[in-house]
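The sequence and structure come first.

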Amino acid sequence: MGEKYVVFQIGEGYYSIPLEEVSQITRYENVTGVPTAPAFVDGVINVGGDVIPVVNLRTRFALERVELTRKNRVIIVQKQDSRYGLLVDSVREILDLDKDSVAPEAASVFGMKSEFVRGIAKIRDYLLVLLDIFKVLSTSPEIPIKE
Amino acid sequence: MSFAGLDDKKLLRAFLEEAEELLEKLNDNLLQLEKDAGNPDSINEVFRLTHSLKSESALLGFTRLSELAHRLEDVFDSIRAENLTLSRPLMDAIFSASDLIHEIISRISSGQTDTQIDTRSVIGELKQLAGLGLESEPEEPVETALAVAAASASGELPLKAFHRSLISEALERGEKIYTLTVRVAEEAELKYPRAYLVFNNLEMIANVIQTSPNMTVPQDDRLYERLVLLLSSDLPEERIVAACDVDLIEEPDLEVLDQKRIDELLSRREDGARTVVRTSGSARIESTSVRVDTNKLNEIWQLVGELTIYKAQLSRLHDRLSRRGGNESMKGEVERASDSLERITAEMQQAIMGTRMVPIAVLFNKFPRLVRDLSRKLGKIVELEIQGKDTEIDRTIVEVLSDPLTHIIRNSLDHGLEEPEQRRKANKPEVGRISISAQQQGGKIVIEVADDGRGLDVDKIRKKAGIGSEITDEEAVQYIFSPGFSTKEDVTDLSGRGVGMDVVATRIREDLKGEVEVRSESGSGTLIRILLPLTLTILHSLVISCAGYQYAIPVQDINETVKVTRQNISIQGENEFYDYEGQKVPLLRLDSVLLGPTDENSRIGQENNGVVVEQRRGRVCLLVDELVEEEDLVIKPISELLNHRRLFSGVSVLGDGRIIFVLDTARIIEIIESGGFDGF
């Protein structure tokens, strides 16, 4: 038995985080702007009374902004007491991933820096980057995620 | 020991809770006595506390603890009777006894018994110093007491003038006087605890005047087969009998005394029986507390938060209804419903906050003792000042905060304050000062520990941290908080402070989501400031708008809202000031604070809205676009990601779902005072 992963798309790349880290997935609605937030934070949303920042992963990955579509989703991830929303282009699927199918050597795929990558897996017709999302979130906004 | 049919753990827990409180009060009063040895209130209080501790520990079978408490009680009984004065060595012995009690209690709370602890030397010392001799109080011979207990109900209750006055007072209040006799079933393994439960139940609902056998000083367990109580009450007899409904208690026999019997009692001559008199309410066990899982309280708190939102929605609905006209009686009803909901919500908030919030005194109260002991050990003379004991903090953070705060105070004493000799040389008063304070400031709790010692050694810190002159002294000293700072080699010889402060900082930042900072001046002292977010607070706030966003300012931070015109401002260099009550208050455009200066926000219109806010460090007038409304806001912590410059103290959700950020005015003022905004 493998672990379950949420697979999402940003630009041309497919990324995933363990389902365990995800508390829910919502649409990009009622986002309140925050004037003092860094550029990659679109704003905040109210999820069950909690105010959660929404991180635009496109911006964080230094991709250009595109217009929102019906496919955009916000993945809410949680670590201890802190929750964050991740704006992604679309959520593709939830996947059972066997440890054996993951290559731990984080080769530079889609130009991601290796410290943010937990591994790479070859899934049917695409290549999947297993992200260390909390590392991405806790890294200073000045440091690029990609090389 | 075992209480068949009773929950041992519950009893033990109740005992420990009670004991903790007793110990704290004991400590306070002892410290009071050290300053003012003859203080009758403290002497009486210590007597009462040791008495309670003695009885309660005996009830649970902690005989050593009970004996120790008993000896202290004896000492204070003698002091009370003015047969003994509190000398310095006696005070020290009393403190060691109180320490031993602490130790025993902490052992008991970790599941051990009190039998491994040797109390003999401390007791011996107490006895010797108090001149109580080695003979301990002769125990009442069992036979006599048995005979007393077996005799008819009211006749043999040992009554003193005091008890008779209790009877008279009860009659004046219109209460009836009863005797109540109960038997403890033979199969009950231990009789005293059973009898005690009845006694305790009765104390909760009636006034127990006297008992036979004595309930407060446990004696031979066999004596408690039969318990006679004299009590007064205005409750129906069934209620009193119902209080005797304890497992293995038989035949409660309640008898109301007629005038003749009462007269008999009142005229009886002073009783010679040698009994420790239990004064009314003196050792009353009023354990009405229950333990509640904090998660459950959190759930309730969440619900109250939602309730606040709906309350706001309803009042908004009411406003709309009023504007539209229409059915008058319906409007009235909505108004009443809205008012009631508002009142109930407010009360509920208060009630729930009450369950979670405790005065910071529970934490601060242990510091006088710590400072006393440590200063004696280090040969320093210290005066401790505590302010803001009433500041309420969340019960859950008390425990987490305790260690770091203790460490900070320890450091102040150990490394901060100089020895008397050195202080004299430096032309400082011999007595060093440490002051601890707490206060609520906007959305935060601010705790400060200040000393007037030698201050931090900035050069050593620079060297240790490997920082150069590009960093100001003020910034350099903050390095004592960087992770790993004090684990670096030979840091222990760092004069001034810094030892273990990185650990303190980590705990405050990670466990409490707070901040810690230090200010230090060489030769004149150090101040450590801890800022903690309010976890459970509703702040009445003013919602304002600025450059298309809305923010909240806690009303308690606001001096006044004003109209700013070209006539009432003045300009000095790059900076503008608002003339407020004859003073020049810095004028600050909120949008430039938050977003940085732009051309557009540099213009003053005909008339602008200003909010004058005030904190300890000063005042400032914030220029905003509009004053929107006042709201009760439930404050939630704000993600670090959104608050790099720490300009907000929290975030809140309004009635209509809007998200609003709460401005940290103290922080804004601080930045201005230190010249942080260019040409504000």
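Helices (H or I, at least four residues) and strands (E, at least two) are DSSP runs, numbered from the N terminus.

## Basis

This is a predicted model: local features need pLDDT of at least 70, side-chain atom pairs count only at pLDDT 80 or more, and totals for chains, interfaces and linings use all residues. Residues are numbered from 1 along each chain as its sequence is written, chains are lettered from A and ligands numbered from 1 in written order, and side-chain values use heavy atoms, without hydrogens and water.

## Strands of chain A

S16(A) sits in strand β2 (residues 13-18) of chain A. S16(A) is buried, at 0% relative accessible area. Buried means under 20%, exposed over 50%, partly exposed in between (1.4 Å probe, protein chains only). Beyond four places in sequence, the contacts of S16(A) include Y5(A), F8(A), L128(A) and L131(A). Contact means heavy atoms within 4.5 Å.

L127(A) belongs to strand β11 (residues 126-131) of chain A. L127(A) is partly exposed, with 33% relative accessible area. L127(A) and G13(A) lie 114 residues apart in sequence, yet 8.1 Å apart in space, C-alpha to C-alpha.

## Helix and strand of chain B

I344(B) lies in helix α12 (residues 328-356) of chain B. I344(B) counts as partly exposed, at 42% relative accessibility.

E250(B) is in strand β4 (residues 249-256) of chain B. E250(B) is also partly exposed, with a relative accessible area of 35%.
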